[in-house]
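Here's a quick briefing to read with the structure open beside you. Let's start with a term, then go through the topics one by one.

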Amino acid sequence: MDEWQFFQSQVFPSLMKGFKVSISLILPSAFLGVCIGIWAGSMRVYGSTWLRKLVDAYVAIFRGTPLVVQLFFWYFGLPHVGIYLSPFAASVVGFSLCSGAYQSEYVRGALLSIKKGQMLAAQALGFSKWQMLRSVILPQALRRALPGCGNEIIYLIKYSSLAYMVTCIEMTGEAKILASHYFKYTEVFLAVGAFYLVLVSLAGWFLHHLEGRLSIPGFEHHGK
Amino acid sequence: MENDPILRIEDIKKAYRAREILKGISLSISKGELKVLIGPSGGGKSTLLQCINFLVMPDGGDVWLEGRKVNPHRKRELYGYRQQVGMIFQDFNLFDHLSALQNVQIALLRVKGMDKKSARERAVAELERVGLGKHIDHYPAQLSGGQKQRVSIARALAMDPKVMLLDEPTSALDPELIGEVLAVIKNLVANGMTMIMATHQISFSSAFATEIIFMEDGLIVEQGPPSKILSSAECARTKEFCSKIYDLHGEGN
Ligand SMILES: Nc1ncnc2c1ncn2[C@@H]1O[C@H](COP(=O)(O)OP(=O)(O)OP(=O)(O)O)[C@@H](O)[C@H]1O
Ligand SMILES: [Mg+2]
């Protein structure tokens with residue numbers, strides 16, 4: 001009973017507070033990550049040579065270095081050149097750019113899987129390159145990329161827990177403070193784990209629903 | 001001015017690396033004509049058709065539409081030109097994520113900037129014209145090969161092309177589906193559409209072509225009315241090829 005009291009009066013309120021911060025980190029980062037991913041993926045396939053190289057370099061750097069290092073760079077590194085980001089802003093910037101790099105991989109793969117014939121057909125109808133990308137290629141590629149992109153969003157939910165490393169106190173941060181204060185690591189982190197599990201399950205359900213909504217004959221995913 | 005060519009190409013050349021695929025092709029076509037391209041596989045028919053609307057950029061040569069030379073390096077001009085030249089592909093190339101109706105109306109909306117209502121009306125009319133009025137909401141995955149090809153023809157027609165280029169429109173089809181597509185093309189001929197078509201449908205060509213052009217190794221070997229090319233070709237290679245496709249496709253169209 002003692003445990004339950006502790007949970008109700010201490011753990012739950014702090015975790016809820018952190019939960020709100022986590023959500024406010026995840027939603028914009030996931031959205032920006034997808035946007036960056038679509039743009040970067042498109043540029044890596046259809047951009048001019050120098051742009052392609054530039055974006056390839058971006059992806060190589062953000063996929064090739066630990067996210068914590070990136071977060072440190074945004075929060076502790078940028079002030080050296082006179083740019084000060086709040087812990088929250090640094091986290092969102094870090095997550096979006098890292099997520100965008102991964103998303104661009106899924107988008108790029110999906111773009112490359114679109115049959116070339118459809119592009120010829122679009123061009124033959126007088127579509128410009130940009131109109132073709134928007135009306136013919138992306139709508140198909142994004143459907144193909146959706147499972148991968150969804151997976152990346154689920155990863156993002158979990159790695160959002162790194163924000164506390166740059167003093168943005170979200171759910172994991174709250175838990176850490178609480179646990180070390182009362183010295184109840186097991187209980188508190190089990191509770192945090194459950195919170196993430198709920199979040200991830202919700203996101204999974206939403207993505208599955210979205211896939212169903214966007215499904216078109218001929219675009220069903222295997223196993224349906 | 002009846003006989004002024006609608007489309008004229010002059011000395012079109014194309015090479016991939018050192019291999020010359022088109023070695024200087026010239027031809028012209030007037031309103032209402034159907035010119036059929038025949039020739040052995042690898043002879044350059046598809047490459048020529050794609051050079052005509054610059055899906056493949058020729059290395060040299062010029063294209064004239066209604067007496068005006070096309071400059072493919074000016075994007076606006078190129079897109080405008082392509083809207084006037086319809087293209088039909090061997091494997092249909094429908095947009096897989098769009099229904100038959102959407103396939104036909106998308107270019108009307110996005111390229112021609114038509115309003116939704118007129119685009120829809122036009123698309124429905126074109127689909128009805130190719131006999132697909134009942135299938136407008138079907139997706140490509142739900143259509144047979146013959147139906148897909150008819151959608152692609154409707155999609156091209158909706159743009160009001162001045163010329164159509166058809167690259168073996170029936171050769172990816174099962175034999176029992178070829179007839180329905182040829183019937184649509186016959187209809188186009190009857191309505192005065194100007195067309196250049198690569199095909200091995202010999203009996204169809206002999207009945208409807210204004211001229212048959214025999215192409216081999218990137219060159220036009222011989223051209224003339226079907227009666228001449230098919231029965232009394234001057235060139236030995238043309239004769240040999242024609243007798244071969246007669247054996248293969250001659251009967252049962
Ligand atoms: N993108 C390319 N790169 C290199 N070679 C090519 C390319 N496209 C076509 N070719 C070559 O050009 C030659 C002519 O091809 P094309 O498709 O125009 O012939 P075709 O007359 O249409 O033949 P088919 O009857 O088989 O359709 C072929 O040998 C082909 O291998
Ligand atoms: Mg061909």
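A polar contact here is a pair of N or O atoms within 3.5 Å. With that in hand, take Thr47(B): one of its polar side-chain atoms sits 2.5 Å from an oxygen atom of ligand 1. Keep in mind that this is a predicted model.

**Around ligand 1**
- Ser41(B) also reaches ligand 1 with its side chain, putting an N or O atom 2.5 Å from a ligand oxygen.
- Gly43(B) uses its backbone instead, with an N or O atom 3.2 Å from an oxygen atom of ligand 1.
- On its own, ligand 1 has 640 Å² of accessible area, and the protein covers 62% of that.
- The surrounding residues include Tyr16(B), Arg19(B), Lys45(B) and Glu168(B).
- Sorted by class, the shell has six polar, three charged and three nonpolar residues.
- Strand S2 (19-30) and helix H1 (45-52) of chain B each bring at least two residues to the shell, and H1(B) has the largest share with three.

**Where chains A and B meet**
- On the contact count, 24 residues of chain A touch 23 residues of chain B.
- About 2,000 Å² is buried between the two chains, 65% of it from carbon and sulfur atoms.
- Ala124(A), Leu125(A) and Pro217(A) lose the most area in chain A, together 28% of what that side buries.

**Polar links between the chains**
- There's one salt bridge between chain A and chain B: Lys115(A) pairs with Asp96(B), with the closest N and O atoms 3.0 Å apart.
- Seven residue pairs are in polar contact across the two chains.
- H6(A) gives the most to chain A's side, with eight residues.

Technical notes
Residues numbered from 1 in each chain as written. Chains lettered and ligands numbered in written order. Predicted model: local features only at pLDDT ≥ 70, side-chain atom pairs only at ≥ 80, totals over all residues. Heavy atoms only, no water. Contact = heavy atoms within 4.5 Å. Buried area = accessible area lost by both parts, 1.4 Å probe. Salt bridge = Lys/Arg side-chain N within 4 Å of Asp/Glu carboxyl O. Polar contact = N/O pair within 3.5 Å; in protein donor to acceptor, adjacent residues only side chain to side chain. Helix = DSSP H or I, 4+ residues; strand = E, 2+ residues; numbered from the N terminus. Near = heavy atom within 4 Å. Areas by Shrake-Rupley, 256 points an atom, 1.4 Å probe, with all protein chains shown as cover. Nonpolar A, V, L, I, M, F, W, Y, C, P; charged D, E, K, R; others polar.
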